[in-house]
Amino acid sequence: MIKGKIKNYFPGGNTYLGFYSFYDDVLKGIERLIIIKGGPGTGKSTLMKRIGEAAAEKGYDIEYLWCSSDSQSLDGVVIPKLNTAVVDGTAPHTRDPEFPGAVDKIVNVGDFWDEHKLKQHKKDIVKLTTKYRGMYKTAYAHLRRAMVFYKLLEEYYWQNMDFKGVDELIEKLIVKILNGRVALSNGKTRHMFASAITPSGIVSYVDNLTEDMGIRYILTGGPGTGKSTLLRKVGDTAAQKGFSVDYYHCALDPESLDMIVIPEIKTALLDGRRPHSVKFKDSDEIIDLLKFVELSVIEENKEGIDAARTGYKFEFEMAIKTLQDIKKTHDDIEEFYKSAMDFKGIDELTQKIINEILS
């Protein structure tokens with residue numbers, strides 16, 4: 001049996017607006033939702049990974065929903081063909097069943113911990129939990145300041161920008177991509193993150209998400225050169241024509257787009273400038289939006305641009321450092337829970353869920 005394909009993305013992210021969630025959007029249309037409740041270190045991520053692996057071995061394509069606060073941990077797994085998803089239902093992505101028992105199911109891994117052992121560490125758990133929740137405010141404050149510098153960079157590039165030229169390019173691109181193509185089914189749109197700001201830095205799944213594409217249009221150019229606007233206009237036009245469109249939002253600014261994918265015509269358009277990590281392919285078509293900027297303006301403002309880049313880099317790196325400190329604190333909390341867990345019982349529960357889903 002051919003193993004199912006695996007797609008990876010983030011349903012939520014650490015942004016300049018705080019934690020930003022697309023969980024509801026990712027899960028819309030899912031007919032069967034299994035919500036996993038439990039504390040940190042209780043085996044939720046491992047449980048979901050095992051379910052995903054079992055489904056992929058049976059030939060089902062799966063989607064892994066990764067955690068932006070720990071890029072090695074899962075927040076969920078979706079099996080599209082079975083219209084089934086298993087997700088972490090604890091904060092910050094708290095979920096409650098819409099139709100308990102009939103459609104949605106809650107699985108509480110807290111049933112497998114030794115409450116007496118946890119109570120022995122109650123003061124430490126409360127202290128550390130309060131500490132790391134407060135640290136998120138610091139991380140998001142750094143990201144907000146990074147965004148101020150980024151907006152300043154955009155202002156420099158916006159000066160003498162040929163927006164009419166960009167609009168004409170967008171219209172030509174829409175005709176090139178969509179002209180004469182007819183959607184074969186009623187499409188749907190989804191919103192999520194291809195990349196996230198994590199304790200490990202920027203983690204990106206762009207190449208994984210576009211590996212099946214026949215062509216990728218790679219957009220280059222500085223901040224504020226119209227990349228997000230181009231992506232939105234092409235994506236919205238495709239959606240209006242009935243095509244399914246996946247919108248992938250910017251890890252720092254969730255109101256901006258980094259990429260769109262139109263699966264039915266195997267086409268992707270994406271921001272290819274740093275810090276986006278993209279491995280270029282021969283079939284890629286590069287679109288340089290810098291040609292619509294009066295370069296003399298950039299040269300005249302070089303000192304200001306360099307200062308803004310320096311400020312952005314400092315604040316961004318401080319945000320990453322704070323996220324690393326948060327993860328370390330979270331890991332300390334996990335140790336208390338791990339020592340109190342009956343993981344053999346979790347293994348049996350996992351197999352039971354696998355059998356239930358794949359039967």
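Residues are numbered from 1 along each chain as its sequence is written, and side-chain values use heavy atoms, with hydrogens and water left out. Because the model is predicted, local features need pLDDT of at least 70 and side-chain atom pairs count only at pLDDT 80 or more, whereas totals for chains, interfaces and linings use all residues.

Side chains of opposite charge can pair when their charged atoms come close. The structure holds 22 salt bridges, a salt bridge being a side-chain nitrogen of Lys or Arg within 4 Å of a carboxyl oxygen of Asp or Glu. One of them joins the side chains of Glu63 and Arg190, at 3.1 Å from N to O. This pair links distant parts of the chain, 127 residues apart: Glu63 belongs to strand β5 (residues 62-67) and Arg190 to strand β9 (residues 189-192). Helices (H or I, at least four residues) and strands (E, at least two) are DSSP runs, numbered from the N terminus. Arg190 also forms a salt bridge with Asp246, with 3.4 Å between the closest N and O atoms. Asp246 lies in strand β13 (residues 245-249) and Arg190 in strand β9, so this pair ties together parts that are 56 residues apart in sequence.

The terms for accessibility are as follows: buried means under 20% relative accessible area, exposed over 50%, and partly exposed in between (1.4 Å probe, protein chains only). Glu63 is buried at 11%, Arg190 is buried at 10%, and Asp246 is buried as well.

A further salt bridge, between Asp306 and Lys302, has its closest N and O atoms 2.9 Å apart. Both residues lie in helix α9 (residues 302-338), 4 residues apart, about one turn of the helix. An α-helix has 3.6 residues a turn, so residues three or four places apart point the same way. Asp306 is partly exposed, with a relative accessibility of 33%, and Lys302 is partly exposed at 45%. Elsewhere, a network of salt bridges links Lys5, Lys7, Glu211 and Asp212.

Helix α4 (residues 122-158) has 37 residues and reaches 54 Å from its first C-alpha to its last, close to the 54 Å expected at 1.5 Å a residue; the expected span is 1.5 Å times one less than the number of residues. After α4 comes Asn160, with a positive phi near 60°.

The largest nonpolar core has 51 residues, and Leu47 and Val86 have the most contacts inside it. Such a core is a set of buried Ala, Val, Leu, Ile, Met, Phe, Trp, Tyr and Cys residues joined through side-chain atoms within 4.5 Å. Its largest share, 6 residues, comes from helix α2 (residues 44-57). Apart from this core lies another, of 32 residues, including Met161 and Val234.

Asp75 lies in strand β6 (residues 70-79). Asp75 is buried yet has no salt bridge, and the nearest side chain of opposite charge, Lys44, is 8.0 Å away; Lys and Arg count as positive and Asp and Glu as negative, while His and the chain ends are not counted. The side chains of Asp75 and Tyr23 are joined by a polar contact of 2.5 Å. A polar contact is a pair of N or O atoms within 3.5 Å; within protein, one must be able to donate a hydrogen and the other to accept it, and residues adjacent in sequence count only if both atoms are side-chain atoms. Cys67, in strand β5, touches Phe10, Ser73 and Asp75, not counting residues up to four places away in sequence, where contact means heavy atoms within 4.5 Å. Cys67 is buried, at 13% relative accessible area.
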